[in-house]
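Good morning, and thank you for making the time. I would ask you to keep the sequence and the coordinates in view while I go through a few parts of this structure.

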Amino acid sequence: MSETSIDSLLHEDRRFPPSPEFAAAAVAKPELYDEARADRLEFWADRARELHWHRPFTETLDWSNPPFARWFADGELNVAYNCLDRHVLAGNGDRVAIHWEGEPGDTRTLTYAELTREVKRAANMLAALGVSRGDRVVIYLPVIPEAVIAMLAVARLGAIHSVIFGGFSAESIRARVEDADASLVITADGGWRKGRVFPLKQAVDSALAAAESSVERVLVVRRGDNEVEWTEGRDLWWHEQLEGVSDAHEAEGFEAENPLFILYTSGTTGKPKGILHTSGGYLTQAAFTHKNVFDLKPETDVYWCTADVGWITGHSYVVYGPLANGATQVLYEGTPDTPHPGRWWELIEKYQVSIFYTAPTAIRSFMKLGREIPQSFNLSSLRVLGSVGEPINPEAWVWYREIIGGGLTPIVDTWWQTETGAIMISALPGITVAKPGSAQVPIPGISVDVLDEASVHVGKEAGGLLVITEPWPSMLRGIWGDPDRFRDTYWSKFADAPNGPLYFAGDGAHLDADGDVQLLGRVDDVMNVSGHRLSTMEIESALVSHPIVAEAAVVGASDDTTGQAVVAFVILRAKKAASVTATEASTLLRQHVTEQIGAIARPREIFVVAELPKTRSGKIMRRLLQDIAEGREIGDTTTLTDVNVVQSIRGTLD
């Protein structure tokens with residue numbers, strides 16, 4: 001973004017400092033920032049030493065060949081040992097690791113001792129099937145304990161897992177299996193979603209039939225009890241292979257740069273982009289951020305991150321971060337509205353969840369349904385709330401705090417990516433005076449900047465491109481099998497920076513009057529209207545700030561006069577939908593955006609719809625809305641929760 005970059009953010013002057021009681025007892029102390037500023041590398045070395053090392057490291061960072069970093073490279077550790085064995089050896093084996101709840105209501109509780117035994121057995125089973133260090137194992141499972149067990153068992157052996165979200169298609173599986181050259185796939189007969197069993201193995205079968213792959217075995221977890229096709233000699237039941245397997249397994253130490261997982265980014269075109277993460281640096285930052293951003297007290301807290309393990313949030317803040325810290329957490333298989341729209345709040349009440357981490361899309365969906373649903377449950381156990389996945393608009397932030405947090409809980413609005421591996425920008429709840437809709441400050445030890453197209457710092461009250469200026473422990477180590485694409489995708493835009501190449505996150509950001517960071521979303525979600533750069537998130541925030549709007553999505557549509565025009569799709573709040581017509585709502589909201597931002601941002605069209613097209617991870621598919629707005633043929637809808645939504649919206653327009 002240049003001189004015409006975003007120059008009119010919604011003015012937000014509400015401030016929420018932590019209470020004196022919370023600040024006094026907080027895990028993170030202000031001294032963390034001082035320590036990191038004084039010696040950034042030693043700060044991260046001290047965090048790494050909080051883990052168990054089979055062989056201690058002597059070198060913190062090797063940045064001699066940028067953009068390829070090596071953190072703690074001469075040290076050796078075992079990721080699974082750090083998540084399991086060391087807690088048992090410390091006398092915490094009886095602490096609950098996972099409270100699992102299936103969508104139909106079946107439950108399972110695993111202590112750290114029990115989870116450790118299960119992972120050791122699974123590691124022995126996988127080793128007997130030929131899995132060893134460096135092998136790639138694809139995992140395609142619902143959110144069940146076996147998903148966590150499988151990930152940790154693969155990591156325990158020094159092998160590499162590639163988890164595929166259970167909603168992806170056979171073609172997506174085929175592409176990922178081929179790219180990773182996987183030797184084994186772990187899947188399930190089916191999984192529960194919205195009151196029914198959806199098939200999983202069927203997709204794997206179709207993928208492998210079309211793939212040029214070296215997959216020799218398919219392990220199948222019995223979950224849905226649905227019928228599956230069976231390929232003798234290749235397909236094996238998970239429970240049968242575990243029969244009689246020993247739970248004795250000694251964890252071997254592996255180099256800190258030993259690959260831990262490949263995670264393919266969603267929504268890519270062409271060849272899948274396999275983000276590679278290694279072990280020591282990744283676990284260091286995942287554990288540190290989980291502990292300090294969420295103010296974790298493992299002896300007393302019950303933590304729940306609603307992400308699927310198929311996404312990076314599930315990797316870092318369901319599996320590795322919480323378990324490395326010895327946390328007790330909730331794991332839930334189903335959707336937030338099955339069997340009733342208060343399901344999540346029911347689980348918070350049941351398990352006395354104290355830390356809750358979810359996506360803005362989910363929060364806005366709850367807003368649409370009304371406050372009466374969450375207020376019919378006892379949510380008083382909550383003491384920290386988190387937001388992840390996309391920028392959160394201020395009104396959703398405030399609703400989240402007031403209705404879910406009882407007007408008391410700190411909110412941590414976290415910015416990070418699959419590529420960064422762990423949280424990079426976030427308030428620390430006992431320190432930061434929180435601002436609705438703003439991620440605010442880099443965590444200690446992280447260095448970011450906001451630049452213009454000429455690589456110049458934009459200064460306060462200006463917008464630009466978000467960059468990371470120093471290597472960080474959990475950074476991606478590359479794109480699997482494609483180092484040139486890694487350089488070109490992430491490091492080429494600011495390759496000639498004075499202190500070496502800068503990582504460009506692909507996101508726009510705005511620095512407020514205090515120099516705090518407000519995320520604007522992907523740069524490709526920025527529209528150019530008559531030469532003015534406008535953020536979709538900015539306009540969506542303006543729309544949702546109106547009391548009749550529950551949720552909004554904005555896209556840029558081709559326009560012969562202005563180049564691009566703003567087109568908005570809005571869902572009205574349930575209580576307001578009956579009292580205003582679509583035409584009245586459109587007129588009212590166009591004027592509201594004009595008042596909030598300016599005439600240049602006034603939508604050309606506003607369509608009132610019943611639902612928005614969302615992926616199974618809860619992200620709005622704006623690409624499909626742009627197809628609708630421009631009258632094009634609708635693109636791929638395979639990742640949508642409900643493929644009928646697009647046709648419903650198109651019917652609204654006709």
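This is a predicted model: local features need pLDDT of at least 70, side-chain atom pairs count only at pLDDT 80 or more; totals for chains, interfaces and linings use all residues.

Let me begin with a convention: angles of 65 to 115 degrees count as roughly perpendicular.

The convention applies to a pair of helices. Helix H3, residues 40-48, and helix H11, residues 280-293, have axes that come within 9 Å and cross at roughly 85°. H3 and H11 are therefore roughly perpendicular to each other. On the H3 side, the contact is made by Phe43, Trp44, Arg47 and Ala48. Thr284, Gln285 and Phe288 contribute from H11.

There is an annotation to mention in this part of the chain. UniProt, in an unreviewed entry, places the feature "domain: Acetyl-coenzyme A synthetase N-terminal" at residues 31-83. In the model, that span is 42% helix and 21% strand, and its end C-alpha atoms lie 27 Å apart.

Next, a hairpin. Strands E1 and E2 form it, with two residues between them. E1 covers residues 61-65 and runs antiparallel to E2, the two being joined by three bridges. One of the pairings is between Asp62 and its bridge partner in E2, Arg70. As a general point, side chains in a regular strand alternate between the two faces of the sheet. Strand E2, residues 68-71, has Ala69 and Trp71 on its covered face, while Phe68 and Arg70 lie on the uncovered one.

I turn now to the sheets. A seven-stranded open sheet has mixed pairing and the strand order E5-E4-E17-E16-E18-E19-E20. Its edge strands are E5, residues 107-111, and E20, residues 411-413, each of which pairs on one side only. From one strand to the next, the twist averages 15°. Helix H6, residues 112-128, packs on this sheet and touches E4 and E5; its direction makes about 90° with that of E5. Within the sheet, strand E4, residues 96-101, runs parallel to strand E17, residues 328-332, and four bridges join them. As an example, Ile98 has Gln329 as its bridge partner in E17.

A second open sheet has four strands in the order E21-E22-E24-E25, and its pairing is antiparallel. Strand E21, at 448-451, and strand E25, at 517-522, each have a single partner strand, so one side of each is left without a neighbour in the sheet. Direction ignored, neighbouring strands here are turned by 45° against each other on average. Strand E24, residues 503-511, runs antiparallel to E25, with five bridges between them. Asp507, for instance, has Arg522 of E25 as its bridge partner.

Ser381 is placed in the loop between helix H15, at 372-375, and strand E19, at 384-387. Is Ser381 buried or exposed? The cut-off for buried is under 20% relative accessible area. At 16% relative accessibility, Ser381 therefore counts as buried. Its side chain reaches the backbone oxygen of Val353 at 2.6 Å. With neighbours within four places in sequence left aside, Ser381 is in contact with Ile348, Gln352, Val353 and Ser354.

Finally, I come to a set of annotated positions. Under "binding site", an unreviewed UniProt entry lists Val544, His546 and Val549. Val544 lies in helix H18, which spans residues 536-544. How many of the nine residues of H18 are buried? Nine of the nine are, so H18 is largely enclosed by the rest of the structure. Among these buried residues are Thr536, Glu538 and Glu540, together with Ile539 and Leu543.

Val544 itself is buried, with a relative accessible area of 2%. Not counting residues up to four places away in sequence, Val544 touches Asn393, Glu395, Val549, Ala550, Glu551 and Ala552.

His546 is found in the loop between H18 and strand E28, at 549-559. His546 also counts as buried, at 12% relative accessibility. Which residues does His546 touch, not counting those up to four places away in sequence? They are Leu588, Leu589 and His592.

That concludes the presentation, and I would welcome your comments.

Definitions and conventions. Residues are numbered from 1 along each chain as its sequence is written. Side-chain values use heavy atoms; hydrogens and water are left out. Two strands pair if DSSP finds at least two bridges between them. Axes are lines fitted to C-alpha atoms, for helices over the stretch in contact, and angles run from 0 to 180 degrees between N-to-C directions. Contact means heavy atoms within 4.5 Å. Buried means under 20% relative accessible area, exposed over 50%, partly exposed in between (1.4 Å probe, protein chains only). A polar contact is a pair of N or O atoms within 3.5 Å; within protein, one must be able to donate a hydrogen and the other to accept it, and residues adjacent in sequence count only if both atoms are side-chain atoms. UniProt positions are given in the numbering used here, feature names are shortened, and annotations may be inferred rather than shown by experiment. Angles under 35 degrees count as roughly parallel, over 145 as roughly antiparallel, 65 to 115 as roughly perpendicular and the rest as oblique.
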